[in-house]
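This briefing takes a single protein chain from one of its loops to its helix and core, and then to the chain as a whole. Please keep the sequence and the model in view while reading.

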Amino acid sequence: MESLGKIVLRDGPTGDWRLFDKPVRVLSARRPEDVTRILEAVDEAVGQHGLTAAGFVCYEAAPAFDDALRVKSGCRLPLLKRLRGIRGTSF
């Protein structure tokens with residue numbers, strides 16, 4: 001399992017900044033064919049346990065959603081990274 005550390009995101013409706021840390025699990029995808037599978041697993045786990053997921057999806061993951069989309073290869077970041085089972089703290 002890869003470590004991601006912390007994620008800081010701004011909550012659009014409230015404008016509050018939220019810190020997400022201490023995940024139950026970190027999931028990442030390096031191949032487009034893994035992206036939707038991981039997103040579905042995160043969605044299911046969040047729905048079942050009422051926790052929060054935070055992370056990012058890279059531009060280069062676009063072919064996972066539509067085969068017609070083409071992107072440059074060689075991205076050094078994972079195409080997707082999600083922290084699952086985290087609680088956000090507002091500050």
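Y59 lies in the loop between β4 and β5, where helices (H or I, at least four residues) and strands (E, at least two) are DSSP runs numbered from the N terminus. The model is a predicted one, in which local features need pLDDT of at least 70 and side-chain atom pairs count only at pLDDT 80 or more, while totals for chains, interfaces and linings use all residues. Residues are numbered from 1 along each chain as its sequence is written, and side-chain values use heavy atoms, with hydrogens and water left out.

- With a relative accessible area of 60%, Y59 is exposed; the classes are buried under 20% relative accessible area, exposed over 50% and partly exposed in between, with a 1.4 Å probe and protein chains only.
- Leaving aside neighbours within four places in sequence, Y59 is in contact with R70 and V71, contact meaning heavy atoms within 4.5 Å.
- The C-alpha atoms of Y59 and K72 are 9.6 Å apart, and these residues are 13 apart in sequence.
- P63 also lies in the loop between β4 (52–57) and β5, and P63 counts as buried because its relative accessibility is 19%.
- Beyond its neighbours within four places in sequence, P63 is in contact with L69 and V71, and its C-alpha atom is separated by 9.6 Å from that of V35, 28 residues away along the chain.

**Helix α1**

- The 18 residues of α1 should span 26 Å at 1.5 Å a residue, which agrees with the 27 Å between its end C-alpha atoms; the expected span is 1.5 Å times one less than the number of residues.
- The buried residues of α1 are D34, V35, I38, V42 and A45. They lie on the same side of α1, because they cover an arc of only 110° around the axis, the arc being that of the directions from the helix axis to the C-beta atoms.
- On the face of α1 turned away from its buried side are the exposed residues E33, E40, D43, E44, G47 and Q48.
- After α1 comes G50, which has a positive phi, near 65°.

**The nonpolar core**

- Six residues, L27, A29, V35, I38, V42 and A61, form the largest nonpolar core, that is, a set of buried Ala, Val, Leu, Ile, Met, Phe, Trp, Tyr and Cys residues joined through side-chain atoms within 4.5 Å.
- Two or more residues of this core are given by each of β3 (25–29) and α1 (32–49), and the largest share, three residues, comes from α1.

**The chain as a whole**

- The protein chain has one helix and five strands, which run β-β-β-α-β-β from the N terminus on.
- Of its 91 residues, 27% count as buried, and among contacts between residues at least 6 apart in sequence, 68% join residues at least 24 apart.

**Confidence**

- The pLDDT, which is the predictor's confidence in each residue from 0 to 100, averages 78 over the protein chain, with 78% of the residues scoring at least 70.
- Among the elements, α1 has the highest mean pLDDT (86) and strand β5 (residues 80–90) the lowest (59).
- Where pLDDT is low, the predicted coordinates should not be read in detail.
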